[in-house]
Amino acid sequence: MNVPFYSHGLGPDAAQAVADVLGGPFLTSGAVGRAVEDQLRAFFSVPHAALTNSWTNGAVAVLLALDIGPGDEVIVPAMTFAATANVAALLGAKPVFVDVDPATLLMTPEGVRAALSPRTRAVIPVHLYGQMVDVARLRREGLAGHGHVAIIEDCAHCFEGLLDGEPPGRHSDAAIFSFYATKNVTCGEGGAVITRRDDLYQALLQTRLHGMSAGAADRFKGGSYGHWDMLRLGCKANLPDLLAALLPPQIATVRDRLAEREALAQRYETAFAGTALRLPAPVPNAVHARHLFPVGLPAGRRDRALNVLSQAGIGATVNYRAVTSLAWYREAQGTRPEDFPVATAWGDATISLPLFPGLTEAQQDHVIATLCGVLEEDFL
Ligand SMILES: *Cc1c(COP(=O)(O)O)cnc(C)c1O
């Protein structure tokens, strides 16, 4: 039996939405994307939302809008996808890594406090796997006396998550989402930034598009050509309407699909209770976005599990080896895996199992039986 790691679930409606854009003259960022930005503003109850062509380019645009560059430091967790740290490094700033909580695998206020320096300009907490970092507490306890340090939430795993009833974007300077192919809301490649800060939003509109003072749609407003100027350095991070057209129905139904993800995740949890598999601890008072279902294998068993799952036709991935263990960071930044024991150990032990709406019970049972078979080998 084949069990894919992920299935996007987009159907004929999505094809029609793209065809509708193709039927008009305007393929890049325009009215379709602006309507999605309105939808995001309403969904998250924030004053500003800006679509981007990836989380990564959105984060680069935000860091540019905050004037973060050489000489600056950005605090990031060691347990995340490389992009979280790469965006700082790309701009010549220094990613400063902190280890994560051993139970939840999330960034902690204590870790951030210990990593602060006079050069710290931003912190990027990651809502790993879909569980939210307590950003209000991070601000209060991690950044006490450092009010100028920006908090940028990495919400690539957490579109639907809540903490104390609040969605991302409440207590941060900006929150950034990914609509990459495997994410809970997807258009293949894409992303979005939400912010409550007017100044940051105005700067972001420029850094998202070459630093220009007006986008393509605005340059022709009123039927006459308006010259644009370039007021600051920007990147190319705007999302075309061809892709934005895939988002509205997914955003409208994301909570229904979360119920299905939650049921599947709980079914895995019940099956694995009492086994040697480690699961991240649940965050209290939170709604988990259930983006990924990671488990930790007993020491030294991870790669065996990956091979056995693959031979059984099951798609599994690793999210993630610690960023501090990756070759470029060890060589260019001198990171040492032993300085981040929690992230390093989890990164050497974890695999993510298939989790998507539409995964059948028979498929899930095949995953469970195959993985439990690997655990039993330990007793042979
Ligand atoms: C996917 C992901 C990103 C990068 O998203 P892109 O849209 O592919 O740039 C960043 N952070 C985390 C935690 C991710 O999982």
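The legends below accompany close-up views of a predicted model.

**Before you look.** Residues are numbered from 1 along each chain as its sequence is written, and side-chain values use heavy atoms, leaving out hydrogens and water. Because the model is predicted, local features need pLDDT of at least 70 and side-chain atom pairs count only at pLDDT 80 or more, while totals for chains, interfaces and linings use all residues.

View 1. Leu40 sits in helix 2, residues 31-44 (helices are DSSP runs of H or I with at least four residues, strands are runs of E with at least two, and both are numbered from the N terminus). With a relative accessibility of 0%, Leu40 is buried (buried means under 20% relative accessible area, exposed over 50%, and partly exposed in between, using a 1.4 Å probe and protein chains only). Setting aside neighbours within four places in sequence, Leu40 is in contact with Val46, Ala49, Leu51, Phe159, Ala192 and Ile251 (contact means heavy atoms within 4.5 Å). Find Ala252 too: its C-alpha is 9.9 Å from that of Leu40, although the two are 212 residues apart in sequence.

**View 2. Cysteines without a disulfide.** How many disulfides does a search of the whole structure find? The search finds zero, with a disulfide taken as a pair of cysteine sulfur atoms within 2.5 Å. For Cys155, the closest cysteine sulfur belongs to Cys158 and lies 5.9 Å away, too far for a bond. For Cys187, the closest cysteine sulfur is in Cys155, at 16 Å, which is also too far for a bond. Both residues are buried: Cys155 has a relative accessible area of 1%, and Cys187 has 3%.

**View 3. Aromatic rings around Phe272.** The model has 13 aromatic pairs (rings of Phe, Tyr and Trp, the last by its six-membered ring, pair if their centres lie within 6.5 Å; planes under 30 degrees apart are stacked, over 60 edge-to-face, and the rest tilted). Tyr268 and Phe272 are stacked because their ring centres are 5.8 Å apart and their planes meet at 10 degrees. These two residues are four apart in helix 11 (residues 254-272), so about one helical turn separates them. Tyr268 is buried at 0% relative accessibility, and Phe272 is buried at 2%. Phe272 also pairs with Phe293, with centres 6.4 Å apart and planes at 40 degrees, so this pair is tilted. Since Phe272 is in helix 11 and Phe293 in strand 10 (residues 293-296), the pair ties together parts 21 residues apart in sequence. Phe293 is buried as well, at 3%.

**View 4. A cluster of phenylalanines.** Phe43, Phe44, Phe159, Phe177 and Phe179 make up one aromatic cluster.
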